[in-house]
Amino acid sequence: MKRTLACIIALALSVAAAASAQSNALKGGLSYGNVSNSGVLPGNLDSRTGFAVGLSLGPGHDILGIGVEGLYAQRGVTNSTSPANERKLDYIDVPVYLRAMLPSPGIAPFAYAGPQVSFELRCRAGGSVCPDSGRPSTSYAAVIGGGVRLGAGSAFSIEGRYVYGLSDLKLGTVTSSDSYKTRSFLILAGWAF
């Protein structure tokens, strides 16, 4: 698992480094996690509010370019009625996306979309490790987002991102064992260096 993670991150970073005019950035913010689930879980499911933090290698001030990131992100659902049915998932996300930016002085809006691979670091249910249900430790998602770069030289950015999980996490419910997919919304701030 650790070797696979290192290889994928190295490959993603080398692909992004090959693109012209790259810029590095530190990103962080809030992550609002939820799930799609066609089964029934007892109690009331609430979204899990967590955080995301990591590094970005992006296309700089180019109008069109490829970016890649490595983010630690928290997702899942909480359940105040039945904590055993909550799922708190922690991941390393590696999105690779195509970004389009309208370069302008002061404020530069941008939008991006692409695939993401996520490596599960931890899954907790009711304070203990999630039961082994054959869930994959690697999952896939699609990301779409947009934001603005602000300030002189556009070093500071604010963005919103939606992560649409594509992998069945097989965490199980009362009526279905194959209906659990993550959905997340992230609000991130970044500083390019």
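This is a predicted model: local features need pLDDT of at least 70, side-chain atom pairs count only at pLDDT 80 or more; totals for chains, interfaces and linings use all residues.
Residues are numbered from 1 along each chain as its sequence is written, and side-chain values use heavy atoms, with hydrogens and water left out. The chain has one helix and nine strands, where helices (H or I, at least four residues) and strands (E, at least two) are DSSP runs numbered from the N terminus.

**The chain as a whole**

- Along the sequence, the elements follow the pattern α-β-β-β-β-β-β-β-β-β.
- Of the 193 residues in the chain, 45% count as buried, a class that means under 20% relative accessible area, with exposed meaning over 50% and partly exposed lying in between (1.4 Å probe, protein chains only).
- Among contacts in the chain with a separation of 6 or more, 66% are made by residues 24 or more positions apart, a contact being heavy atoms within 4.5 Å.
- The chain exposes about 9000 Å², and carbon and sulfur atoms supply 66% of this area; accessible areas come from the Shrake-Rupley method with a 1.4 Å probe, and for residues only the protein chains shown count as cover.

**Pairing around β5**

- Strands β4 and β5 pair in the antiparallel sense over 12 bridges, where two strands are said to pair if DSSP finds at least two bridges between them.
- The hairpin of β5 and β6 has two residues between the strands, and G126 takes a positive phi near 65° in it.
- A further partner of β5 is β7, which runs antiparallel to β5 and is joined to it by 13 bridges; the bridge partner of F119 in β7 is T138, and that of A108 is R149.

**Strand β7 and the strands that follow**

- Strand β7 (residues 138-150) has a covered face made of S139, A141, V143, G145, G147 and R149, and an uncovered face made of T138, Y140, A142, I144, G146, V148 and L150.
- In a regular strand the side chains alternate between the two faces of the sheet.
- Strands β7 and β8 pair in the antiparallel sense over 10 bridges; G145 stands opposite R161 in β8, and L150 stands opposite F156 in β8.
- Strands β8 and β9 are likewise paired in the antiparallel sense, over nine bridges, with E159 opposite L188 in β9.

- R122 lies in strand β5 and is partly exposed, with a relative accessible area of 39%.
- R122 and L89 are 33 residues apart in sequence and 5.8 Å apart in space, C-alpha to C-alpha.
- Leaving aside neighbours within four places in sequence, R122 is in contact with Y72, K88, L89 and D90.
- Y180 lies in the loop between β8 and β9, and at 1% relative accessibility Y180 counts as buried.
- Y180 and S167 are 13 residues apart in sequence and 8.4 Å apart in space, C-alpha to C-alpha.

**The cavity**

- The structure holds one cavity of 30 Å³ or more; on a 1 Å grid over the protein atoms alone, a cavity is a set of points where a 1.4 Å probe fits but cannot get out, and lining residues have an atom within 4 Å of a point.
- About 170 Å³ of space lies in the largest cavity, a volume being the space filled by probe spheres set on the points, with grid points joined across faces, edges and corners.
- The largest cavity is lined by 16 residues, of which K27, S56, R99, R149 and S157 lie nearest its centre.
- Two or more lining residues each come from β1 (23-36), β2 (45-58), β4 (87-101), β5 (107-125), β8 (156-165) and β9 (181-192), and β1 gives the most, with three residues.
- By class, the lining of the largest cavity has eight nonpolar, four polar and four charged residues, where Ala, Val, Leu, Ile, Met, Phe, Trp, Tyr, Cys and Pro count as nonpolar, Asp, Glu, Lys and Arg as charged, and the others, Gly among them, as polar.

Methods:
On a 1 Å grid over the protein atoms alone, a cavity is a set of points where a 1.4 Å probe fits but cannot get out, and a pocket is an open set with protein on both sides within 12 Å along at least five of seven lines; lining residues have an atom within 4 Å of a point.
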